[in-house]
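Below is a short briefing on one protein chain, grouped by topic. Please read it alongside the sequence and the structure.

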Amino acid sequence: MPDRTSMGEAEPISADRWLQRLAELARRRGLAVGTLLSASRRDLDLLLASAAMHLPVDEGLSEREASERLRDFLATTGAMLATDYAELRRWLVDLGYVSRSDRGADYRRAAMPPWLREAAQALDADRLRVAVATARRTQDDERRARKDAWLARTAAALEVTEAPLLKSDPDEVAMALALDQAHNAWAMGEVPVGAVLLRQGQVVATGFNQPIANHDPTAHAEIQALRAGAAVLGNYRLADCTLVVTLEPCAMCAGAIQHARIGRLVFGARDPKTGACGSVVDLFAEPRLNHHTEVQGGVLAERCGKLLSDFFAERRELRRAGLMPADPEGDGTPD
């Protein structure tokens with residue numbers, strides 16, 4: 001494994017610049033030590049030095065104690081690194097940031113390279129941890145601000161004639177967002193159905209029909225939104241969420257909604273061919289099932305239905321003009 005002598009003549013860094021660069025790196029995820037070794041050695045050395053700062057200079061630690069310190073580093077200051085404490089410990093020892101006794105029973109911080117030495121004397125593990133935590137909070141705030149701005153732009157783009165009604169009805173606002181997702185499906189040649197998953201009034205995830213593009217018969221808008229939302233929230237149970245979809249769910253999606261323990265379902269147009277909220281069957285009213293989602297149908301039903309009608313009318317016109325195959329199988333258009 002290479003040593004750190006190549007950085008010995010690097011220009012010294014100040015304590016403030018150390019904290020600034022660490023904060024910049026904190027905005028990234030999945031940094032591999034091996035990749036940094038060849039792509040950005042200065043950043044690698046800065047991160048390894050930051051890890052070494054979690055170990056004492058004058059007091060030797062056992063391997064277990066050193067590992068605990070490095071676990072804490074990876075959970076806080078070093079969360080951007082894609083490694084575990086054992087691999088990190090090996091890098092620190094092999095590159096000379098941590099010294100280890102011959103028997104491996106005494107771990108302590110070694111001397112820093114010249115370009116980091118003066119700054120290290122002015123810093124400690126707590127200051128490094130605070131710099132990273134502050135950077136991550138700032139990043140989270142920026143993401144929330146971007147999401148809020150997107151929602152504001154979306155609401156402002158809605159038709160003026162509907163604005164007074166939308167302001168007083170959160171379901172209609174959410175359905176308008178779902179309709180926007182449905183247009184994404186149309187643009188991809190899919191049946192235009194869109195869905196939005198909300199939690200406490202905030203958008204968690206969105207989805208639109210993609211079975212053709214994904215070669216996946218289960219890739220309905222509802223399933224797409226449920227999968228994305230479960231990943232975002234880190235839970236396959238979504239009991240405190242509302243799912244808003246432009247078309248009455250089919251039996252498959254109704255089952256998924258109930259398995260996810262969705263608290264409330266809002267849909268737009270009814271589906272007389274496959275609807276599982278009362279049009280063909282009503283799975284949500286089945287008393288033998290152990291979960292019963294609250295269902296509200298008919299929200300912006302006319303707009304949702306018109307979008308579907310326009311889509312299928314366009315398909316029929318394209319077929320008559322010879323621009324689409326006469327056989328509807330596989331193009332997303334029902335018989």
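**Briefing on the predicted model**

E314 counts as partly exposed, at 33% relative accessibility. Its salt-bridge partner is R315, with N and O 4.0 Å apart, and R315 counts as buried at 8% relative accessibility. The model is predicted.

**Overall make-up**

- The protein chain contains 13 helices and seven strands.
- It has 335 residues, of which 45% count as buried.
- Among contacts with a separation of 6 or more, 61% are between residues 24 or more positions apart.
- The accessible surface of the chain is about 17300 Å², and carbon and sulfur atoms account for 52% of that surface.

**Salt bridges**

- The count of salt bridges comes to 18.
- R21 and D43 form one of them through their side chains, at 2.7 Å from N to O.
- Because R21 lies in helix α1 and D43 in helix α3, this pair ties together parts that are 22 residues apart in sequence.
- D43 counts as buried, with a relative accessibility of 9%.
- Another salt bridge joins E68 and R71, whose closest N and O atoms are 2.5 Å apart.
- Both E68 and R71 belong to helix α4, where they are three residues apart, about one turn of the helix.
- E68 is partly exposed at 41% relative accessible area, and R71 is partly exposed at 35%.

**Nonpolar cores**

- The largest nonpolar core has 46 residues, and W18, L81, L92, Y97 and L116 are those with the most contacts inside it.
- At least two residues of this core come from each of α1 (15-25), α2 (33-39), α3 (41-52), α4 (63-75), α5 (85-94), α6 (114-121) and α7 (125-156).
- Helix α3 supplies the largest share of this core, seven residues.
- Another core, of 42 residues, lies apart from it and includes V196, L197, A225 and F312.
- Leaving out residues up to four places away in sequence, W18 touches I13, L46, A49, S50, M53, L116, A119, A120, L123 and L128.

- I223 is part of helix α11, which spans residues 221-233.
- With a relative accessible area of 10%, I223 is buried because that value is under 20%.
- Not counting residues up to four places away in sequence, I223 touches T218, M252, C253 and A256.
- From C-alpha to C-alpha, I223 and N209 are 8.9 Å apart in space, and they are 14 residues apart in sequence.

Methods. Residues numbered from 1 in each chain as written. Predicted model: local features only at pLDDT ≥ 70, side-chain atom pairs only at ≥ 80, totals over all residues. Heavy atoms only, no water. Helix = DSSP H or I, 4+ residues; strand = E, 2+ residues; numbered from the N terminus. Buried < 20%, exposed > 50% of the residue type's maximum accessible area, 1.4 Å probe, protein only. Contact = heavy atoms within 4.5 Å. Areas by Shrake-Rupley, 256 points an atom, 1.4 Å probe, with all protein chains shown as cover. Core = buried A, V, L, I, M, F, W, Y, C linked by side-chain atoms within 4.5 Å.
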